[in-house]
Amino acid sequence: MDTKLIKVVFAGDGNVGKTSLIRSYTEGKFSSSRVATIGVDFHTHTIVLPSGKIKLSIWDMAGQERFQFMRPGFYRGSRAAALVYDVTAPESLEHLAGWRDEILKAVPDEKFIVVGNKIDLERTQKPEIAQLFAKKIGAVYYETSARTGEGTEAVFKGLAELALK
Ligand code: G3D
Ligand code: MG
């Protein structure tokens, strides 16, 4: 059987843990002090679903959170997007609607999941508001800790399955 190659993107404010989540899952490690990525961080990871094998090409927003003009090109060709916020930073959740709108401008039929990261820390944000937002946009809601690895596998499986639909 052919392995399908599917592009997915991670979006959300800087510092919510996008790079850490991807590394925690694809490399099985969490590096607590690293230099922030510049440009596009790019990973591929093969995932086995009941429906077959998929090679995910995972695009990590890296430094471009600041460079709005670059982002449409970054999103193009993706089949699903993870909207990531930090459960200790309420404004990062408020910004998810804006990230979604921007992605929809570049990819009108994009599908989304919502991810609350850093659940190993003391949350300032109860899950209800995020769950409501996810429901409103028809997305599944996940919670993760890139630090402990909790929930990360479900995010990537969910994203891959969504991208295939
Ligand atoms: P980004 O790619 O969204 O910009 P990063 O975010 O992955 O660079 O992570 C930003 C900071 O949050 C990093 O801290 C990282 O270690 C931390 N972080 C990411 N995910 C988690 C998590 O699940 N739990 C905890 N406790 N911290 C997390 P530093 O200090 O390295 O800048
Ligand atoms: Mg990053």
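Helices (H or I, at least four residues) and strands (E, at least two) are DSSP runs, numbered from the N terminus. The mean pLDDT of the protein, the predictor's confidence in each residue on a scale from 0 to 100, is 90, and 92% of the residues reach 70 or more. Over residues 32-36, however, the pLDDT is below 50, and this stretch has 4 contacts in the model beyond near neighbours in sequence, a contact being heavy atoms within 4.5 Å.

- Residues are numbered from 1 along each chain as its sequence is written, while chains are lettered from A and ligands numbered from 1 in the order in which they are written.
- Because the model is predicted, local features need pLDDT of at least 70 and side-chain atom pairs count only at pLDDT 80 or more, whereas totals for chains, interfaces and linings use all residues; side-chain values use heavy atoms, with hydrogens and water left out.

- Strands β1 and β4 pair in the parallel sense over 4 bridges; in β4, Ala82 is the bridge partner of Phe10, and Leu83 is the bridge partner of Ala11.
- Strands β4 and β5 also run parallel and are joined by 7 bridges, with Asp86 standing opposite Asn117 in β5.

- Strand β4 is mostly covered, since 7 of its 7 residues are buried, where buried means under 20% relative accessible area, exposed over 50% and partly exposed in between (1.4 Å probe, protein chains only).
- Ala80, Ala82, Val84 and Asp86 point one way from β4, while Ala81, Leu83 and Tyr85 point the other way.

**Helix α1**
- In helix α1 (residues 18-26), 9 of the 9 residues are buried, so the helix is largely enclosed by the rest of the structure.
- The buried residues of α1, among them Lys18, Arg23 and Tyr25, pack against β1 (4-11), β2 (41-49), β3 (52-60), β4 (80-86), β5 (111-117) and α6 (152-164).

**Nonpolar cores**
- A nonpolar core is a set of buried Ala, Val, Leu, Ile, Met, Phe, Trp, Tyr and Cys residues joined through side-chain atoms within 4.5 Å; of the 25 residues in the largest one, Val8, Phe10, Leu56, Ile113, Val115 and Phe156 touch the most other members.
- At least two residues of this core come from each of β1, α1, β2, β3, β4, β5 and α6, and the largest share, 6 residues, comes from α6.
- Leaving aside its neighbours within four places in sequence, Phe156 is in contact with Phe10, Leu21, Ile22, Tyr25, Ile47, Leu56 and Ile58.
- A second, separate core of 23 residues includes Val9, Phe74, Ala139 and Tyr141.

**Arg71**
- Arg71, found in helix α2 (residues 71-75), is buried with a relative accessible area of 7%.
- Apart from neighbours within four places in sequence, Arg71 is in contact with Met61, Gln64, Glu65, Arg66, Trp99 and Glu102.

Note on methods:
Pairing = 2+ DSSP bridges.
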